[in-house]
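Here are my notebook entries from a friendly look through this structure.

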Amino acid sequence: MIDTHSHIYSTEFDDDRDFVVQRAVEAGVTHIILPNENLDSVPRLLDTAARYPDRVSLALGLHPEEVRDDWDDALRRMEPLLDQHPWVAVGEVGIDLYWDKTFRHQQMQALERQLGWCVDRDLPFILHCREALDEVLDVLRQLAGQMPRGVFHCFTGTADDVDRIRQVGDFCFGIGGVLTFKKSRLPEVLPIIGIDRILLETDAPYMAPVPHRGKRNESAYVADIARCMAQALNLTLDQVDRLTTATARQLFALP
Ligand SMILES: [Zn+2]
């Protein structure tokens, strides 16, 4: 399995990162993709990649909740880093209007700029979209004709949302711990997405799946999400593993 979205480079894992990676490997995780947050987190990503070079790949981007008035300066300083490491994606990028709409316009501009990086460098995006599907689709539509590939990470939307997204592009959907929650409507939405466009992810340390809900999440728990997914799609665990791994390898051009 590939955990396509994990923040195991963050301070929450400073005390036991080696064990976290070891437990992931024991749970069947062959690879982990680390999306960036801001300029300060970049050295942490690079350190983590240096320590587990065969296990992790990195994405570079400015998280929407990190977008403020200085977004333009932050992206100018971040862009040269694109040439300094073999990033597999631009991320995580997107729009988040859940807590705060103050920087709505700036978030849209920052997303547009970073999607330009995807187009210029033929990289996929890892997209964070919360309470902002209209805005995200507006920005994506401007790229019609040169639409990058990418994933809507931590997707928790409806069948209607899937339909609206597909009218804009043939994207992947990252499915995490929410699938395992008791009131989740994702089990009914997964068959509409189809296994060919689904990626497994944890979003560790957030969003731990049942039976770890409320605790620190880690990449090994992707196995709990995969089990739940197999049930929802009437597939075997092995099929979910094989098919989501193939999709992730293709999207991120992993070896
Ligand atoms: Zn994330």
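This is a predicted model: local features need pLDDT of at least 70, side-chain atom pairs count only at pLDDT 80 or more; totals for chains, interfaces and linings use all residues.

Accessible areas here come from the Shrake-Rupley method with a 1.4 Å probe, and for residues only the protein chains shown count as cover. I looked up the surface: the protein chain exposes about 11600 Å², and carbon and sulfur atoms hold 47% of that.

Residues are numbered from 1 along each chain as its sequence is written, and side-chain values use heavy atoms, with hydrogens and water left out.

Next I checked the overall dimensions. The C-alpha trace spans about 45 × 40 × 35 Å along its principal axes. Of the 255 residues, 57% count as buried (under 20% relative accessible area, 1.4 Å probe, protein chains only).

Then I turned to the zinc ion. Which residues are its protein donors? I found His5 (NE2), His7 (NE2), Glu92 (OE) and Asp203 (OD), at 2.1 to 2.7 Å from the zinc ion. Donors are N, O and S atoms within 2.8 Å of the metal (3.2 Å for Na, K and Ca), and water is not among the atoms, so sites may look incomplete. The sequence spacing of the donor residues reads H-x1-H-x84-E-x110-D.

Are histidine 5 and histidine 7 buried or exposed? Histidine 5 counts as buried because its relative accessibility is 0%, and histidine 7 counts as buried because its value is 2%.

Conventions. Buried means under 20% relative accessible area, exposed over 50%, partly exposed in between (1.4 Å probe, protein chains only).
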